[in-house]
Amino acid sequence: MTLLAVQSLSKSFGGVVAAQDVDFALERGEMLALIGPNGAGKSTVFNMIGGQLRSDHGQVLLDGQDITAISPQARFRRGVGRTFQVAQAFLSMSVAENVQMALVSRARESRALWSPARKRHREEALMLLDRVGMADAADRPCSALAYGDVKRVELAIALAGQPKLLLMDEPTAGMAPRERAALMDLTASIAASEGIGVLFTEHDMDVVFGHAGRVLVLLRGRIIASGAPDEIRSNPDVQQAYLGDDHALAQPTGAEAP
Amino acid sequence: MDPSFLVIQALNGLASASSLFITACGLTIVFGVTRIVNFAHGSLYMIGAYTAATLVPRLLELSFGPVSFWAGILVSALIVGIIGVLIEVLLLRRIYGAPELFQLLATFGLVLVVQDLVVQVFGPQDILGPRAPGLRAPVEILGRRFPSYELVLIAAGPVVLGLVWLLLRRTRFGVLVRAATQDRDMIAALGVNQAILFTGTLFLGAFLAGLGGALQIPRVAANTGMDLAIIAEAFVVTVVGGMGSVTGAFLAALIIGQLQAFGILIFPKSTLVVVFLLMAVVLAIRPNGLFGRPETVGGTHAVGIASHKPRSSNWILGLAAIAALACLPLAADAYLLKVATEILIFALFAFSLQLLIGVGGLVSFGHAAFFGLGAYGAALAVKWLGAPMEAALPAGLVLAGTGAALIGAFVVRLSGIYLAMMTLAAAQILYAVAFQWVEVTGGDNGIVGVWPSAWASGQVPYYLMTLGLTVVAVFLLVRIINAPFGYALRAARDSEPRAESIGINLRQHRWLAFMISGAAAGLSGGLYAFSRGSVDPGLLGIPTSVDALTMLLLGGIQTVMGPLVGAGVLHFLRDQIMPLTSLWRLFLGLSIIAMVLLFPRGLVGTVQHWREERA
């Protein structure tokens, strides 16, 4: 069965249509990139799937079950993990505690009042940190990490929920180019080995064309193209509407909002 | 019912709505631009009233007539405006970037300072101002006499609304104020001189507060209780109207004025309860008030406890401290033991607040509610049920926990400053109930004869019992802070989106935190009632809440043990200094301001920081 099915999802803010009849599907183990110029509605679509925004119309199905109206918390329990455009971690805690917190919540222990949180699920947390290459920093305060490292910790937190679907909103924003490729390689290998479907938005075209299995192009709230990276790269509509000219494929930072 | 009576009541409601609006309008404009909830706004109102009540009679002696009267009112408001400028330049300017809790505490420090200064400058007596020349005779409306000055007041509200509207719409300053209310950072990025804008805003806000106060002089004598009385109402008006919205404040003031005028027909004793219930209802339906917008300030603003490596030496220190406290009766006299008992009680009270503020980032400004509920719960059980102490203490704890469950259910829907004001309002409701429901609570006199059981009635046994209960409660709270529940609260404080996306139900956890914290505060309240033998409404008042906050600030909000140290130091200082000076509030207020500005880590936080720097 299809992992994630998005059906005619729509959302307007006042008179502005941020998303209109967005339809797509995502399979297990697939890396799907959602791209579009600024203001195209990427974050809106993303937040409707993540549960931060309520949609006006349409449905979001996870494993065939309707999750359109449920809270982010309930989505977590159904297997949705996410990272944020601006990394969100618990800065007052150590790196390991950040991941332990997610494990505690998964085990439904977050209301426990007695034995210390510090000691719970530590082994599993260290394993997850090892997978993202952050095991050495386990006992450092999260507030002392470089931004790129916080993004890795965020990935470990998201993986702690044993997600079926991973939502990554601009996963490499604010990272150095080499770090970007490394993080996305890591994500792709985890997704492949565990059969996690990954939906991500991205402005960096190297990341998009280098790591996505399939690309969706959003413009003014509508999907105007969908296909393999090479097809998207050569699609005249996409070039015309989104990228402006041929050079923009190499230098996407010049892309303008329509 | 007599229609003429209804008309008169409605007119009375309009007159108080006008006064309330003029004052609250200044508060909401200042908040809109500076994002500071100025607790001292009520103090500015009080200064306006005192200044006018002193100045206007002198002017009337020089030349008697309406011109002198109104000129005196305006000059008084201008003087208050200049005081507002001084406050902005000397204090507020330094705390715009500080966490909300520190801003509230610093401006409350100002309230304390002004209370003592007003007595120094104007003397301890209430001052009744002169009646306005030309408006002395009442007018007759539907066969009833109605003071003509009230009609002028009724007109003053809309006039001020119109002038403020013109100022905000038609002047460059107004454009900047509106722009800053929408997006302060953008205004800064556009190169607007923020210093002048903020100073100007404070002048306007203080001027309106002063005007509101000055206009009261023919109706009410200027008195030292005016500041906290008006600030609670002004908070309600701004919160109901939506923080930063002038029209919202006007509408809210109209509603509240009418509610107060007609509320006495339904609840003859407690109009305050009706008003605060309105606020509860509005905030439950519209968490940002009638015209307010959601706050963009997020959880990053919260300061609080962070993870530290557990030290084995902490255990030894803790046990040593407990042992030393247990041996205190061997060395101390009865007076010292009484002080030590009170310190322990307040330490538990402050510590219970730490669970909300330091751990959860929930700035509760009405923690006195739970302390007072615990005390009254115990006292009522003794008075009405004849319960012994062993049953009355748990009764107080249960009442406080239940109160916290009810209040918490409302306030966990809110965030930041709205949560602070809503908790304050909840405490004020309970204060009003305790004050006005005389048959049950004894009103102002409170309840006496709340004595401990025979085995605990001596100074030493009661001290030891308090020590035991406090140690057990603090130990349990520390376990909770370190347990997953405490961590989940911290997670919600650090990043709400992250906490939600790992499946933590924020409201549910915060609600539970309110209940636990409320129950612990209730235990301390019950212990306090039995230690003094009586309770009175003061236990539920704003100063009690601020005591707990000051203890937290003094000890260090980022530390687990800070509140205990803070409670000890504050109580000790109070005990030592209060008998020496009549200016205790001035001293305390200045100390709070100094701590916020110079010493925000607190005592324990500074030591901890120093140890970590060295390591």
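Modeller: A crossing of two helices is right-handed if the near helix is turned clockwise from the far one by less than a right angle, and left-handed if anticlockwise. The model discussed here is predicted.

Biologist: Which hand does the crossing of helix 3 of chain A and helix 5 of chain A have?

Modeller: Helix 3 of chain A and helix 5 (residues 147-160) of chain A have axes 8 Å apart, at an angle of about 20°. Angles under 35 degrees count as roughly parallel, and these two helices are therefore roughly parallel to each other. As for the hand, their crossing is right-handed.

Biologist: Which residues of helix 5 of chain A make the contact with helix 3 of chain A?

Modeller: On the side of helix 3 of chain A, the contact is made by A:V95, A:N98, A:V99, A:A102, A:L103 and A:R106. By class, the residues of this contact are eight nonpolar, one polar and one charged. Helix 5 of chain A gives A:V153, A:A156, A:I157 and A:A160.

Biologist: Which element gives the largest share of the side of chain A that touches chain B?

Modeller: The contact between the chains takes 35 residues from chain A and 26 residues from chain B. On the side of chain A, the elements giving two or more residues are helix 2 (72-78) and helix 3 (95-106). The largest share, six residues, comes from helix 3 of chain A.

Biologist: How do the residues on that side of chain A divide into nonpolar, polar and charged?

Modeller: Gly counts among the polar residues here. The division is 17 nonpolar, 10 polar and eight charged.

Biologist: Is A:H121 buried or exposed?

Modeller: A:H121 is in the loop between helix 3 and helix 4 (122-131) of chain A. Its phi is positive, about 55°, although A:H121 is not a glycine. A residue needs 20 or more other C-beta atoms within 10 Å to count as buried. A:H121 has 22 C-beta neighbours inside 10 Å, so it counts as buried.

Biologist: B:R35 also has a positive phi, about 60°, and is not a glycine. How many other C-beta atoms does B:R35 have within 10 Å?

Modeller: B:R35 lies in the loop between helix 1 (3-34) and helix 2 (41-62) of chain B. B:R35 is partly exposed, a class that lies between the cut-offs of 12 or fewer and 20 or more. Its number of other C-beta atoms within 10 Å is 19.

Biologist: How far apart in space are A:L61 and A:L4, C-alpha to C-alpha?

Modeller: A:L61 is in strand 4 (residues 57-62) of chain A, and is partly exposed, with 17 other C-beta atoms within 10 Å. In sequence, A:L61 and A:L4 are 57 residues apart. In space, their C-alpha atoms are separated by 5.7 Å.

Biologist: What span should helix 16 of chain B have at 1.5 Å a residue?

Modeller: Helix 16 (residues 416-436) of chain B has 21 residues, of which 19 are buried.

Biologist: How many of the 18 residues of helix 14 of chain B are buried?

Modeller: Helix 14 (residues 368-385) of chain B reaches 24 Å from its first C-alpha to its last, close to the 26 Å expected. B:G386, with a positive phi near 65°, follows helix 14. Helix 14 is largely enclosed by the rest of the structure, because its number of buried residues is 15.

Notes. Residues numbered from 1 in each chain as written. Chains lettered and ligands numbered in written order. Predicted model: local features only at pLDDT ≥ 70, side-chain atom pairs only at ≥ 80, totals over all residues. Contact = placed C-beta atoms within 7 Å. Helix = DSSP H or I, 4+ residues; strand = E, 2+ residues; numbered from the N terminus. Axes fitted to C-alpha atoms, helices over the stretch in contact; angles between N-to-C directions. Parallel < 35°, antiparallel > 145°, perpendicular 65-115°, else oblique. Expected span 1.5 Å × (residues − 1).
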